[in-house]
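Dear colleague,

Please find the structure below, handed over for your own work. My notes on what was found in it follow.

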Amino acid sequence: MMEKRQADSQTTVVEDQDTWQELAIMDPVDKPHLVHKASEDQEALLLNRAKHPKHRPLLVSFALEEFEFPSSICLEEMPLFPQWHLPLKLMAILMALTFLYTFMRDVLQPFVSQSRSDFYKIPILVMNKTLPWTAISLLALVYLPGLLAALLQLHRGTKYSSFPGWLERWMSMRKQLGLLAFFLAALHAIYSLCYPMRRSYRYKLLNWAYQQVQQNQEDSWVADDVWRMEIYVSLGIMGLGLLALLAISSLPSISDALNWREFTWMQ
């Protein structure tokens, strides 16, 4: 009995294989109903495989072409950086406002009042003033929601009540705001290092030397200006180093290796 069933199953498999081979070499004009039935069976098989839980991860793991699946199957659309949309928009708004204010004060106002053309300042000088102001504003927005949450808890007298929706969303994007602040601060440092490389700075240096010769001045040393610049550069380097430490500690691979006390101390 078992041998008969095995023989019947083998005969069925052979017949199915012969049928598919005939359909593969068959002209669609000769047997249109068989070709149409085979295409429907193949489409139904693909649909069943796609709906099965074992085959569903393949839709996400691999980028498949559209012709490999029927039109009824749609790949899941993955949004691009969803947590960065609002922080990037906020950074763009702050940069635009700061850039507009700096442009009007350093470029447009001298041009209108004194007819002096300082438009060459836009690429480096104006941008280098925009970057640190925006970075400081973003850094303030990182720590401000924590203070507001603490004041709200003190006002309510409990720490177990939920925060408003806008405050929850603000606190959830503090990491993105901090990383953007570090990025702008790093750009500010690079822009500042490029100051002596500018052609306008070289022309100004020659003009200062010529004016010093015309005034018969041997030494142009000003102690107040020297000390001010030295302290300014030193504090800028230290601030960038601390901001880099905060940015590194906020990375998931680093923050997971720290306990709560260490992470709080670094923040």
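**Transmembrane annotation and overall fold**

The UniProt record, an unreviewed entry, places the feature "transmembrane region" at residues 131-152, 177-198 and 231-251. Please note that the model itself is predicted. Over residues 177-198 the chain is 77% helix and 0% strand, with the end C-alpha atoms 31 Å apart. For residues 231-251 the figures are 90% helix and 0% strand, and here the end C-alpha atoms are 31 Å apart.

The chain as a whole contains 11 helices and zero strands, so that its pattern along the sequence reads α-α-α-α-α-α-α-α-α-α-α under the DSSP assignment. Of the 267 residues in the chain, 19% are buried. The chain exposes about 20900 Å², and carbon and sulfur atoms supply 64% of that area. Among contacts with a separation of 6 or more, 61% join residues 24 or more positions apart.

**Confidence**

The mean pLDDT of the chain is 79, and 71% of its residues reach 70 or more. Over residues 1-17 the pLDDT is below 50, and this stretch has zero contacts in the model beyond near neighbours in sequence. Residues 53-62 also have a pLDDT below 50, but that stretch has eight contacts beyond near neighbours in sequence. Where pLDDT is low, the predicted coordinates should not be read in detail.

A nonpolar patch on the surface is formed by Leu100, Met104, Leu108, Phe111, Val112 and Phe119, which together have about 540 Å² of accessible area. One of these residues, phenylalanine 111, is found in helix H4 (residues 85-114). Phenylalanine 111 has a relative accessible area of 39% and is therefore classed as partly exposed.

Threonine 102 is also found in helix H4. Its relative accessible area is 0%, which means that threonine 102 is buried. Leaving aside neighbours within four places in sequence, threonine 102 is in contact with Val107, Val126, Lys129, Thr130 and Trp133.

**Salt bridges**

Side chains of opposite charge can pair when their charged atoms come close. The count of salt bridges in the model comes to five.

Arginine 116 lies in the loop between H4 and helix H5 (122-156). Not counting residues up to four places away in sequence, arginine 116 touches Pro110 and Phe111. Arginine 116 also forms a salt bridge with aspartate 118, where the closest N and O atoms are 2.9 Å apart. Arginine 116, by contrast, is partly exposed because its relative accessible area is 39%.

Aspartate 118 also meets lysine 121 in a salt bridge, at 3.7 Å from N to O. In this pair lysine 121 is buried, and so is aspartate 118.

A further salt bridge joins aspartate 225 and arginine 228, whose closest N and O atoms are 2.8 Å apart. Both residues lie in helix H9 (residues 223-249), three residues apart, about one turn of the helix. Aspartate 225 has 41% relative accessibility and so counts as partly exposed. Arginine 228, at 53% relative accessibility, counts as exposed because the cut-off for that class is over 50%.

**Helix H11**

Which residues does phenylalanine 263 touch, not counting residues up to four places away in sequence? They are Ser249, Ser255 and Leu258. Phenylalanine 263 is placed in helix H11 (residues 260-266). Phenylalanine 263 is 13 residues from serine 250 in sequence, and the two are 8.6 Å apart in space, C-alpha to C-alpha. With a relative accessible area of 29%, phenylalanine 263 is therefore partly exposed.

Yours sincerely

Note on methods: Residues numbered from 1 in each chain as written. Predicted model: local features only at pLDDT ≥ 70, side-chain atom pairs only at ≥ 80, totals over all residues. Heavy atoms only, no water. pLDDT = per-residue confidence, 0-100. Contact = heavy atoms within 4.5 Å. Patch = residues over 30% accessible without salt bridge, like charges linked within 9 Å, V, L, I, M, F, W, Y side chains within 5 Å. Areas by Shrake-Rupley, 256 points an atom, 1.4 Å probe, with all protein chains shown as cover. Salt bridge = Lys/Arg side-chain N within 4 Å of Asp/Glu carboxyl O. Helix = DSSP H or I, 4+ residues; strand = E, 2+ residues; numbered from the N terminus. Buried < 20%, exposed > 50% of the residue type's maximum accessible area, 1.4 Å probe, protein only. UniProt positions renumbered as here; feature names shortened; annotations may be inferred.
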